[in-house]
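The sequence and structure are shown first.

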Amino acid sequence: MAKPDHTTGGQAPLGVWPGTAYPLGATYDGAGTNFSVFSEVADSVQLCLIAEDGAETRITLDEVDGYVWHAYLPSIEPGQRYGFRINGPYDPGRGQRCDPSKLLLDPYGKAFEGDFDNDPSLYTHGLDSLGHTMTGVVINPFFDWAADRAPNRPYHETVIYEAHVKGMTATHPDVPEELRGTYSGIAHPAVIGHLKSLGITAIELMPVHQFLHDRILLDQGLRNYWGYNSVGYLAPHHEYAAAGRAGAAVTEFKAMVRALHAEGIEVILDVVYNHTAEGNHLGPTLGLRGIDNAAYYRLVDEDPTHYMDYTGTGNSLNVRHPHTLQLIMDSLRYWVVDMHVDGFRFDLAATLARELHDVDRLSTFFDLVQQDPVVSQVKLIAEPWDVGEGGYQVGSFPGLWTEWNGKFRDTVRDYWRGEPATLGEFASRLTGSSDLYEATGRRPSASINFVTAHDGFTLRDLVSYNDKHNQDNGEDNQDGENWNRSWNCGVEGPTDDAEILALRDRQSRNLLATLLLSQGVPMLAHGDEFGRTQRGNNNVYCQDSPVSWMDWSLAHKNADLLAFTRTVIALRTAHPIFRRRRFLEGGPIRAQDNAARDIAWFTPGGAEMAEADWDSGFGKSLTVYLNGDAIAEPGPRGEPVTDDSFLLCFNAHHEAIDFAVPSTEYGTEWSVALDSSAPTGRREATYPAATTVAVEARSLLVLSSAPRSTV
């Protein structure tokens, strides 16, 4: 049986029982708490109970099964602060970094309290870190979920909104001040109402796993705003809790999910399983490093003092080790089963596929996800690249997975800024990128389409700046992407020129409309719907300030853009032709087959696109015909699906162009469904077949025609 150790003067618990090796972490069952932690390298392990005054009680864990050290304490209830101390070898040259002077975080901790103060004890062997690091908190796992049910929205009906918990709510005038920047702020009716009015079906939250702020940033008066610096994979970040009590983040996160689900909105988490905040060999010892360094991290084979770094952050998790894989899978399962989230976006997901050095699509991690009855059933989104050799893997993930389609972003940006000869690839991106996903048995929904995201320019900045302006980040403007595929429309940054401002507005509408009317799953970056700006900063990872927060006054200032965004999302939602479950097939260019063709491509003059047209150096204008009578896939109950037919007239040229409306075999009368040259997208007009319509310079005109069977 485990023995109390009174050497630090803490209060010994009333009793210590053997407990069980699983579940790992601290698990309260209503009567007491089971503690367990894995360490293959440890000689002994101590559970450290921390009182409110900082006094520590150490309990040596004598029970160990399969390198999992454990005990059950019947007297320990929710709110108890704790950590571990690991006695074992300290030999960095052999990859071993045990140090009993370090109070270590539980890898399975479900809540944390306190902060890291970057004291030398966190970095120096032999110095006690108690009082300078966070502690775990035992939580009460019981929560009234009421009638909560996962929305289970099909991918092809999904519209994703990428958001930051603090940034979205920090300045919202209708959210009470004490709730701004918190999970409760996201759950506020004013915020959910905004999402509903847009037509959003899923909110993708930037990292909410417990993270820390880098010392180098704190020394400059900055913070790790984005949160891609995890230290706890089962704990919601404690700074996003409105209440100050220990473990409040868990309850508030669950309440947020319940409120979003009640309105049919799914919750997707941006997760960072590729590295941790412990950094490289000079980084702090906070948890995994001191528990079992060689098990949890990829070390350089010929020099285990150093870490393999496929992420640019100092270390990479060792997904070759079974206990590291178990931590990842247990974490994913916990967020689905206990926290009720609906999916995950995996940051730098290519790193998880590196079993040796190369990216392996059939690596163990993906096998485990495929076989897991819980994780395999939620939305799985990969950021399909990392910074290592061969790390760009767009289109290479397994069948269950969807991917951030970086090629969609690049192609659409290039098209609207007037780059030549992009029509062929533009057509592929517009229709779901079958060239990337069809070979792996996936469908258009495998493509998560985006034009902007947290990383890079906002939509407004994309049309306002040619170059990044990251001086505030303290890195002499050396950080952030240099190649942004942006265009400032004639002047760098703010201007009073009405003509340039009008062009920027139109370009914003063009990009939004293309995103939302393309096949695949659209993702909108928070604030783009009303022109959020970061003043040219394309890497606000360290800017926890108004430069990165949503400025809700823009919702009134740029009300037309907000109305336009709502109009386009409503158009997509109302018409299944813009969210096909299967790839479009096209068909032979013969008049007798037109009724069965689901898509056709025309030049502005009305001729079917020929090979020479696709390869044209001009490459700025085309018409896309989508046939609402030729949707092959059935509805959810096997019923046939029909829709209006549409003409999408794209004109990225700097002058207006007359577009031919096709002959009556395609439709007899066409009405304006959307016009990006109009501030809100709305314009009343109809055009008969076989006529022409002027499409304004740098704009998109969408025409609709009722099904031929009803004309």
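What percentage of contacts between residues at least 6 apart in sequence join residues at least 24 apart?

## Overall form

In this predicted model, the share is 72%. The secondary structure consists of 16 helices and 32 strands. The C-alpha trace spans about 90 × 55 × 50 Å along the principal axes. A compact globule of 711 residues would have a radius of gyration near 27 Å, and the protein agrees because its own value is 27 Å.

## Burial and surface

Of the 711 residues, 61% count as buried.

## Charges and salt bridges

The protein carries 56 positive and 96 negative charges, whose mean positions lie 4 Å apart. The structure contains 29 salt bridges.

One of them joins Asp128 to Arg85, with the closest N and O atoms 3.1 Å apart. Asp128 lies in the loop between β11 and β12 and Arg85 in strand β8, so the bridge ties together parts 43 residues apart in sequence. Asp128 is partly exposed, at 36% relative accessibility, whereas Arg85 is buried, at 1%.

Arg580 and Glu633 form a salt bridge of 2.7 Å, N to O. This pair links distant parts of the chain, 53 residues apart: Arg580 is in the loop between α15 and β25, and Glu633 in the loop between β26 and β27. Arg580 is buried, with a relative accessible area of 4%, and Glu633 is buried, with 5%.

Arg409 and Asp410 also meet in a salt bridge (2.8 Å, N to O), and both residues are buried.

Conventions
Residues numbered from 1 in each chain as written. Predicted model: local features only at pLDDT ≥ 70, side-chain atom pairs only at ≥ 80, totals over all residues. Heavy atoms only, no water. Helix = DSSP H or I, 4+ residues; strand = E, 2+ residues; numbered from the N terminus. Rg over C-alpha atoms; globule rule 2.2 N^0.38 Å. Buried < 20%, exposed > 50% of the residue type's maximum accessible area, 1.4 Å probe, protein only. Contact = heavy atoms within 4.5 Å. Lys, Arg positive; Asp, Glu negative; His and termini not counted. Charge placed at Lys NZ, Arg CZ, Asp CG, Glu CD. Salt bridge = Lys/Arg side-chain N within 4 Å of Asp/Glu carboxyl O.
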